[in-house]
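Take a look at the sheet first, then at the charged pairs. The text below follows that order.

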Amino acid sequence: QVQFVESGGGLVQPGGSLRLSCAASGSTSGFSTMGWYRQAPGKQRELVATVTSSGNSNIGDSVKGRFTISRDNAKNTVSLQMNSLQPEDTAVYYCKAVAKIGYGVWRDYWGQGTQVTVSS
């Protein structure tokens with residue numbers, strides 16, 4: 001089992017910034033990809049950004065140039081720096097980690113989500 005501690009969500013005005021952080025822990029011998037997804041009301045969950053243990057990142061088209069993802073492998077944490085936030089960025093943001101739970105066996109785990117609201 002994997003547990004998450006997510007932090008950093010909240011209310012911000014358009015053009016503002018927020019930083020989300022996620023710390024993962026649990027019964028695993030390691031994490032491969034970690035990252036963030038988001039889901040707005042009435043919409044499907046979508047990729048925001050992910051990063052592998054070797055540092056390769058994948059950034060969603062809607063946030064490229066505004067959001068940056070970083071990771072600390074030693075602490076099993078992943079952070080998302082969000083700049084130039086717009087109302088359309090309003091959503092619940094979920095941390096996701098792919099954990100090794102056995103020999104050659106990997107499983108996706110999700111955090112409980114943190115609300116980000118962009119509004120004046």
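In which sense do β7 and strand β8 pair, and over how many bridges? β7 and β8 (residues 77–82) pair in the antiparallel sense, over six bridges. Two strands count as paired if DSSP finds at least two bridges between them. Strands are DSSP runs (E, at least two residues), numbered from the N terminus. Within this pair, F67 stands opposite M82 in β8.

This is a predicted model, in which local features need pLDDT of at least 70 and side-chain atom pairs count only at pLDDT 80 or more, while totals for chains, interfaces and linings use all residues. Residues are numbered from 1 along each chain as its sequence is written, and side-chain values use heavy atoms, with hydrogens and water left out.

Now widen the view to the sheet. Four strands form an open sheet with antiparallel pairing, in the order β1-β3-β8-β7. β1 (2–7) and β7 (67–72) stand at the edges with a single partner strand each, so one side of each lacks a neighbour in the sheet. From one strand to the next, the twist averages 15 degrees. Such angles run from 0 to 180 degrees between N-to-C directions, with axes as lines fitted to C-alpha atoms.

Next come the charges. Side chains of opposite charge can pair when their charged atoms come close. The structure holds five salt bridges. A salt bridge here is a side-chain nitrogen of Lys or Arg within 4 Å of a carboxyl oxygen of Asp or Glu.

Start with D89. D89 forms a salt bridge with R38, with the closest N and O atoms 2.9 Å apart. This pair links distant parts of the chain: D89 is in the loop between β8 and β9 (91–102), R38 is in strand β4 (residues 31–39), and they are 51 residues apart. Both D89 and R38 are buried. Buried means under 20% relative accessible area, exposed over 50%, and partly exposed in between (1.4 Å probe, protein chains only).

D89 also forms a salt bridge with R66, at 2.7 Å between the closest N and O atoms. R66 lies in the loop between β6 (57–59) and β7, so the pair ties together parts that are 23 residues apart in sequence. D89 has a relative accessible area of 0%. R66 is buried too, at 17%. R38, E46, R66 and D89 are linked in a network of salt bridges.

One more pair is D108 and K96, whose closest N and O atoms are 3.3 Å apart. D108 counts as partly exposed, at 41% relative accessibility. K96 counts as buried, at 15%.
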